[in-house]
Amino acid sequence: MLARMIFAILALATVMMSQPHTAKAAPYWPWCSQYGGDMSSAHACAFSSWEQCMDTVRGIGGYCYTNPYPAPAPARSAKPGRHAAKVDG
């Protein structure tokens with residue numbers, strides 16, 4: 001019984017001392033590729049530069065275009081500011 005109590009206290013202390021990790025957003029890739037001529041062809045938005053995209057589609061057919069989806073908004077901190085304004089109501 002004492003061993004279980006000690007284990008439970010140590011486990012709780014370990015959990016309480018661990019820091020939460022911030023969520024990581026998926027990277028935004030500004031260039032996309034379209035393979036083939038029609039809209040049913042494969043496409044991928046996974047290129048950081050136009051040159052990288054063109055190196056990929058060159059020789060297999062296709063073209064590159066800017067990513068039509070907007071870049072994600074920067075992540076905001078979950079903690080309120082230290083000097084956050086207090087609203088009285």
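Start by selecting Tyr35: apart from neighbours within four places in sequence, Tyr35 is in contact with Ser41, Ala42, His43, Phe47, Thr56, Val57, Ile60, Gly61 and Gly62, where contact means heavy atoms within 4.5 Å. Before you click on, note that this is a predicted model, with local features needing pLDDT of at least 70 and side-chain atom pairs counting only at pLDDT 80 or more, while totals for chains, interfaces and linings use all residues. Numbering runs from 1 along each chain as its sequence is written, and side-chain values use heavy atoms, leaving out hydrogens and water.

**Stay on Tyr35**

Tyr35 sits in the loop between β1 (31-34) and β2. Its relative accessible area is 22%, so Tyr35 is partly exposed; the cut-offs are buried under 20%, exposed over 50% and partly exposed in between, with a 1.4 Å probe and protein chains only. Show side chains and you'll find a polar contact at 3.0 Å between the side chains of Tyr35 and Ser33. The term covers a pair of N or O atoms within 3.5 Å; within protein, one must be able to donate a hydrogen and the other to accept it, and residues adjacent in sequence count only if both atoms are side-chain atoms.

**Zoom out to the whole chain**

Switch to cartoon. The protein chain has 2 helices and 3 strands, in the order α-β-β-α-β along the sequence. These are DSSP runs numbered from the N terminus: helices are H or I with at least four residues, strands are E with at least two. Of the 89 residues in the protein chain, 11% are buried. Among contacts with a separation of 6 or more, 42% join residues 24 or more positions apart.

**Select 2-17**

This is helix α1, with 16 residues that should span 22 Å at 1.5 Å a residue; the end C-alpha atoms are 23 Å apart, which agrees. The expected span is 1.5 Å times one less than the number of residues. How many of the 16 residues of α1 are buried? The number is 0, so α1 lies largely in the open.

**Pick out the core**

Select Phe47, Cys53, Met54, Val57 and Cys64: these 5 residues form the largest nonpolar core. Helix α2 (residues 50-57) gives the largest share of this core, 3 residues. A nonpolar core here is a set of buried Ala, Val, Leu, Ile, Met, Phe, Trp, Tyr and Cys residues joined through side-chain atoms within 4.5 Å.

**From Cys64 to Cys45**

Cys45 is in strand β2 (residues 43-47). Cys45 and Cys64 lie 19 residues apart in sequence and 9.4 Å apart, C-alpha to C-alpha. Cys45 is partly exposed, with a relative accessible area of 26%. Leaving out neighbours within four places in sequence, Cys45 is in contact with Trp29, Trp31, Cys32, Tyr65 and Asn67.

**Hop to Asn67**

You'll find Asn67 in the segment after β3 (63-66). Is Asn67 buried or exposed? At 14% relative accessibility, Asn67 counts as buried. The side chain of Asn67 reaches the backbone nitrogen of Tyr69 at 3.0 Å. Beyond four places in sequence, Asn67 is in contact with Tyr28, Trp29, Pro30, Trp31, Cys32 and Cys45.

**Look at the rings**

The count of aromatic pairs comes to 1. The rings of Tyr63 and Tyr65 have centres 6.1 Å apart and planes at 45 degrees, so this pair is tilted. Rings of Phe, Tyr and Trp (its six-membered ring) pair if their centres lie within 6.5 Å; planes under 30 degrees apart are stacked, over 60 edge-to-face, and the rest tilted. Tyr63 is partly exposed at 39% relative accessible area, and Tyr65 is partly exposed at 24%.

**Last stop: Arg58**

Arg58 lies in the loop between α2 and β3. With 53% relative accessibility, Arg58 counts as exposed. The side chain of Arg58 makes a polar contact with the side chain of Asp55, at 2.8 Å.
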